[in-house]
There are 2 protein chains.
Amino acid sequence: MSGRLRIVGLGPGPEKWLTPEAADALAQAQDVLGYATYLARVPIREDQTRHASDNREEISRARRALELAAEGRDVALVSGGDPGVFAMAAAVFEAMEDGPAAWRALDIAVLPGVTAMLAAAARVGAPLGADFCAINLSDNLKPWSLVEKRLALAVEAGFVVALYNPASKARPTQIHDAFALLRRLLPASTPIVLARAVGRPDERIAIETLDETDPALVDMQTMLIVGTPATRLVKRADGTNWVYSPRRAGVPA
Amino acid sequence: MSGRLRIVGLGPGPEKWLTPEAADALAQAQDVLGYATYLARVPIREDQTRHASDNREEISRARRALELAAEGRDVALVSGGDPGVFAMAAAVFEAMEDGPAAWRALDIAVLPGVTAMLAAAARVGAPLGADFCAINLSDNLKPWSLVEKRLALAVEAGFVVALYNPASKARPTQIHDAFALLRRLLPASTPIVLARAVGRPDERIAIETLDETDPALVDMQTMLIVGTPATRLVKRADGTNWVYSPRRAGVPA
């Protein structure tokens, strides 16, 4: 009896962004594990066992997935977006490193997906068209001082900055601190993309400037993209804007 | 007669990584434009017109796509990976900004895809599991000094670094300069992922250390991921390694 574990990226939400590889893995799995919100997106099948868990329980969920695969089950562990970007893949290898040797012999594969920043960017144009970075704004697993250091260095480098997990009920003040820092370092007119629930029925997308964005309106489901001084707006005939970062984006002034 | 333009991400190569949305757009298009290598991946249909162009002609290709849509055609402009990451989407909005006003009224959408770094990372574990950046190593559109500045700041920030377009026949020396810089800034043991032709029949993946990587073997089809001092290897039962960047990756020592 040999089990297997597929660490599956669901993409940002809708089926149109789910890869055929991920859909196949979900169709074959005997056990599907994930944060309840993501599990709810996977089509239900009678003969499949579902293991929903809370957002915070990543390591115990990873261990459970490895245990089930070691018992010979065909297991899918799901993440929103791409499993390798601030999601379950790293948690699995962390659990493996601290776990029984047998876990290192398992048939495991990571199935990539469309990560949130790519879908958010696509909705508004090409804000990630130049060099960019992705920062997890949560300080659950790293000191806040490191987040601020990375933001400052990213601005100095002229990177477009994609901010994942920008706010949560447990961390209501950090997004304000992050904006205070960005406002000291970047021009007031720098374009900001706020993309909430991208691709889902309640999607809400806004293009604002750094000085007009209200950080209090940013929540856990929002993906933020902070442009550079070179990022540009192109007005459409309907009065809304496209936003893009030129490929030749240069050094900040 | 109203045309439309879809800027389509094909993913890194195989159909298993092509989103249903992208597949639909390709199936509907009357005209398909792209770099010849990417066009070759799109299933051929008799009633579709193909417009292959050279790698370097991004702006003229973008203009041609906009012109065709303005003539009322249903146009797909394809990119490998995601169109918003060092690909055609930024070129389209750049062309639009300098083009006739009518282009700003066109029905345009960017269809996201699995970008190369996500697929490369998935093949080896979760090297992008911590904060990371993506840098286009080509200096066709920016000075090399800026590339070096960004590499140095990225290392200082403790970012994992994904390097796109690391080498080409026209730029044979830069990858050597980039490695010389990285070797001054990072420990010799830092994990490096070399992922060539990910997902395609001639795929070749290696996990090496910074001191043992031979930059002369890096070519245009290679995606490079440079770990941080916190990036870890986990030995598998078969002797090969998984590589991952811990979610709590801290400040470089």
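Helix α5 of chain B is followed by B:Gly125, whose phi is positive, near 135 degrees. Helices here are DSSP runs of H or I with at least four residues, strands are runs of E with at least two, and both are numbered from the N terminus. Before going on: this is a predicted model, in which local features need pLDDT of at least 70 and side-chain atom pairs count only at pLDDT 80 or more, while totals for chains, interfaces and linings use all residues. Residues are numbered from 1 along each chain as its sequence is written, chains are lettered from A and ligands numbered from 1 in the order in which they are written, and side-chain values use heavy atoms, with hydrogens and water left out.

Back to α5(B), residues 116-124. How many of its nine residues are buried? Seven are, so the helix is mostly covered (buried means under 20% relative accessible area, exposed over 50%, partly exposed in between, with a 1.4 Å probe and protein chains only).

Staying with phi for a moment. Most residues other than glycine have a negative phi. A:Phe86 is not a glycine, yet its phi is positive, about 50 degrees. Where is A:Phe86 found? In the loop between β4 (74-79) and α4 (88-98) of chain A. A:Phe86 is buried, with a relative accessible area of 15%. In chain B, B:Phe86 also has a positive phi, near 50 degrees, and lies in the loop between β4 (74-79) and α4 (88-98) of that chain. B:Phe86 is buried as well, at 15% relative accessible area.

Next, helix packing. Two packed helices are described by the angle between their axes and the distance between the axes. In chain B, α6 (residues 144-157) packs on α7 (residues 174-185) at about 30 degrees, with the axes 10 Å apart. The axes are lines fitted to C-alpha atoms, for helices over the stretch in contact, and angles run from 0 to 180 degrees between N-to-C directions. α6(B) and α7(B) are therefore roughly parallel (under 35 degrees; over 145 is roughly antiparallel, 65 to 115 roughly perpendicular, the rest oblique). The crossing of α6(B) and α7(B) is right-handed, that is, the near helix is turned clockwise from the far one by less than a right angle. On the α6(B) side the contact (heavy atoms within 4.5 Å) is made by B:Trp144, B:Glu148, B:Leu151, B:Ala152 and B:Val155. The α7(B) side includes B:Ala178, B:Leu181 and B:Leu182.

In chain A, α6 (residues 144-157) and α7 (residues 174-185) pack at about 30 degrees with axes 10 Å apart, and that crossing is right-handed too.

One residue from that contact comes up again. B:Leu151 is among the residues with the most contacts inside the largest nonpolar core, along with A:Leu151, A:Phe159 and B:Phe159. That core has 52 residues (a nonpolar core is a set of buried Ala, Val, Leu, Ile, Met, Phe, Trp, Tyr and Cys residues joined through side-chain atoms within 4.5 Å). Leaving aside neighbours within four places in sequence, B:Leu151 touches B:Ile135, B:Leu137, B:Val161, B:Leu163, B:Ala178, B:Leu181 and B:Leu182. A second, separate core has 44 residues, including A:Val85 and A:Phe132.

Last, a charged residue. B:Arg196 lies in strand β9 (residues 191-196) of chain B. Is B:Arg196 buried or exposed? Buried, at 15% relative accessibility. Its contacts beyond four places in sequence include B:Asp202, B:Glu203 and B:Asp219.
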